[in-house]
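Work through the following exercises with the sequence and the model side by side, and try each task before reading its solution.

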Amino acid sequence: MNLKLATLEYVALKQSMGMRFETEATILRAFVKQIGDYVAVATVTSEDVLRYLNGANGDSVTLFWHRKHEALKGFWEFAIRRGYTDRSPVPVRRAKEPLAFVPYIYTQEELKRLLDGATSYQKKWLKLEAVTLRAMLLLLYGAGLRTSESLRLNCADVDLAAAMLTIRESKFYKSRRIALNNQLCSVLSEYDRNRHQEGHGRGEAAPFFTYKSGGPVARFVLEDAFLRLRNHVGVKRDNARYQPRLHDLRHSFAVHRLTAWYRDGADVQQLLPALCTHLGHVSLKGTQRYLTMTPELLAEASLRFEGYAQEVLHG
């Protein structure tokens, strides 16, 4: 069995089980491209695998190195079960993992700089108009959406009269509805009026966020526009490999919401399930990790704990 057919079979199996398996499929396609479509699975060597894992970084081990390792390990376990080979060339001993990636939490001042910069720097961000970029940034932060969720919104999903968004079959194939606050609903209504003035229809299947030409916004265009904007307004991590990302707007939404709840004296543990549902997490574990993400949030949690401790000690 050759690599191309075997990897296609493996990906199809995983996706038939309800997994998206998109990143793994991309990894396997890249591996097959490097090794060769028609190379037999049984003839792939450990050197071939290591050369792909290490890539252009040589011996540098990144988080993505481990993602590639897991994808290849899973494929060869499948290939052995299918009888395509009797051994795995994937190294059993994984390289030492680098420090865990820490999302960037934007400050309110940084968010203001980004939003102001979106409209003041230039009229268009490549194919993306400033009004579209600003509306998308506000939605990503204001509603805590994943980037892909905002890009997939069509007009039927945006009910401005009811101030509701419908997020269809997102990560883990889950759909959910999200209520919009007055400010965010006003922003989207203004953007929708702009769409209408540009002559874009509001048919149910029409993309909500579009280029001036009317086509749906591509992810690489949005991320490139954000990178240029971030560099323009000077939002960065000093002396760090990983710089603030578009997706970190979602992390910032969650952390800022938790911080506000602590400051307002709300029962955060009771509210966590609601935040979990809003974010589209499959379990509370994905939401609870935000509780330790910033010193400010930890400080608020500590103050709450001290208050509880005083109540217990002094009745």
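This is a predicted model: local features need pLDDT of at least 70, side-chain atom pairs count only at pLDDT 80 or more; totals for chains, interfaces and linings use all residues.

**Exercise 1.** In which loop does Asp157 lie?

Residues are numbered from 1 along each chain as its sequence is written, and side-chain values use heavy atoms, with hydrogens and water left out.

*Solution.* Asp157 lies in the loop between α7 (147-151) and β3 (158-159), where helices (H or I, at least four residues) and strands (E, at least two) are DSSP runs numbered from the N terminus.

**Exercise 2.** Is Asp157 buried or exposed, and which residues is Asp157 in contact with, leaving aside its neighbours within four places in sequence?

*Solution.* Begin with the cut-offs: buried means under 20% relative accessible area, exposed over 50%, and partly exposed in between (1.4 Å probe, protein chains only). Asp157 has a relative accessible area of 3%, and therefore it is buried. Next, take contact to mean heavy atoms within 4.5 Å; apart from those sequence neighbours, Asp157 is in contact with Arg152, Met164, Leu165, Thr166 and Arg168.

**Exercise 3.** Which residues of helix α3 (residues 46-54) are buried, and what covers them?

*Solution.* In helix α3, the buried residues are Asp48, Val49, Tyr52, Leu53 and Asn54. Their cover includes α2 (22-35) and α4 (63-82). After α3 comes Gly55, which has a positive phi, near 55°.
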